[in-house]
Every structure is written in C-alpha cells, then in structure tokens.
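The tour below moves from one selection to the next and says what is found at each stop.

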Amino acid sequence: MPIRPQELAERFQEDGFAVLPGAIDEATLKGLRSAIDRHVAAHDPAADQAVFRTDDRDAGREEVFFASARSVQGFLEAEAVDDAGAVHAPRDRCLNKIGHALHDLDPTFEALARSAAVQAGFAVAGLERPRLVQSMVIFKPPGIGGEVRWHQDASYLLTEPQRVVGLWIALEDADRTHQRHPTRGTH
C-alpha cells in the first residue's frame, strides 16, 4: 500500500527525513546515469586536480567551488592522488563528486530538478516555494574514498530565512549486494 503524502510529511517532521520509494522512474534514472557518464568521460583528472576533503576546512578550494557554479567541476577523492600530486586511480574511481550547479548546467539534471517527483519531495519537507541552489553527484566507488564528516549544509549555503533541506536520490542500488558499478547518488 502506497504511503500517503500526509504520512510522509509527518515522518519528515518527526524523523528529519522521509523516503519516497520509486519516485523516479527507470527511464529517468537511465538518462541521469548516461549524463553522469558523459561528465566523467569529459573530466581530465590530470588537469583538474581539485580534491574534495572534509578535514581541512576547504583550504585552497574556494575558487574551484565558485567555478562549479559556472561549469561542471569534478572533485577528486583524496586517496586518488599521491603525495606528488599524480592521479593513480582509474578515471571511473577517482572522482568524489561533480557539481555544484548541475540543475542549471545540464538539461538532464534541469529536467529532474523541475520534475513532479522532486516537487513532491519538496512538498513532503513543507517547502512551498523551494529554491534549488546546489546540485551534485556524489560517487562512492568501492575500495576508495573518505568519510564525509558531520556538517550542516546551512553553514555553507546561506539563506534567509536559514533553512536548507537536502534531497538525495539514489541512482543505483546502494547495498552490499550491488557492487557492480561505483555507487552514485545525486544531491
């Protein structure tokens, strides 16, 4: 039996999250995965070596983060780069994420951001006129990658009033039995 929207909203208010199973159809997911594959193929890890870390207070990456609002930027896993700065992980496993304005820069992600499924997610969170300010794909490839330390997105995304809600969409099954491809999710 499907979960009623009111029940989802109550769960969100009580737990701080809600799950909308099957909200995104397989054709949309396939299109998103194809768009991601194009971005990964276009990323040159030797030339674009911005490393995503959560243990250095974003030191030295401000310009790359700002640039990611104007063009799709790749951010490498710290473990993918050796002490001399050379990338030693395969292209499909060296990225931590791409972002941060996919909803503005890629038509496939723009369509997702404007979709009924995403609007339903915002409605569950009680948002009447949401403003999408950041979108990214986060990779969790097997065998590489660091922990994203606890943080509050509202400390990075300044809004008035101060309220930031994250919407996470699993683009692949993400459990121990599904390890064929690096796990991806869009945020």
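How much space lies in the second largest pocket? About 880 Å³ lies there, where a pocket is, on a 1 Å grid over the protein atoms alone, an open set of points at which a 1.4 Å probe fits, with protein on both sides within 12 Å along at least five of seven lines, and the volume is the space filled by probe spheres set on the points, which are joined across faces, edges and corners. Select the residues that line this second largest pocket, 30 in number, and centre the view on Leu127, Pro130, Arg131, Leu132 and Val133, the closest to its centre; a lining residue has an atom within 4 Å of a point. The elements that give two or more residues to this lining are α6 (107-113) and α7 (116-124), and the largest share, 3 residues, comes from α6. Coloured by type, the lining divides into 16 nonpolar, 8 polar and 6 charged residues, with Ala, Val, Leu, Ile, Met, Phe, Trp, Tyr, Cys and Pro taken as nonpolar, Asp, Glu, Lys and Arg as charged, and the others, Gly among them, as polar.

Before the next stop, a word on the source. This is a predicted model, in which local features need pLDDT of at least 70 and side-chain atom pairs count only at pLDDT 80 or more, while totals for chains, interfaces and linings use all residues. Residues are numbered from 1 along each chain as its sequence is written, and side-chain values use heavy atoms, with hydrogens and water left out.

Now zoom out to the whole chain, which has 7 helices and 6 strands; these are DSSP runs numbered from the N terminus, helices being H or I of at least four residues and strands E of at least two. Of its 187 residues, 35% count as buried, meaning under 20% relative accessible area with a 1.4 Å probe and protein chains only.

Next select strand β3 (residues 95-100), which is largely enclosed by the rest of the structure because 6 of its 6 residues are buried. On one side, β3 runs antiparallel to β2 and is joined to that strand by 4 bridges, two strands being paired if DSSP finds at least two bridges between them; Gln73 has Gly99 as its bridge partner in β3. Strand β3 is also joined by 4 bridges to the antiparallel strand β4 (residues 135-140), where Ser135 stands opposite His100.

Is His103 buried or exposed? At 2% relative accessibility, His103 counts as buried. Its side chain makes a polar contact with the side chain of Ser135 at 2.7 Å and reaches the backbone oxygen of Leu132 at 3.3 Å; a polar contact is a pair of N or O atoms within 3.5 Å, of which, within protein, one must be able to donate a hydrogen and the other to accept it, and residues adjacent in sequence count only if both atoms are side-chain atoms.

Select Ser68 next, in the loop between α3 (62-67) and β2. Ser68 is buried, with a relative accessible area of 1%, and, not counting residues up to four places away in sequence, touches Gln73, Phe75, Gly99, His100, Ala101 and Leu105, contact meaning heavy atoms within 4.5 Å.

Finish at Val81, in the loop between β2 (73-77) and α4 (91-94).

Note on methods: Buried means under 20% relative accessible area, exposed over 50%, partly exposed in between (1.4 Å probe, protein chains only).
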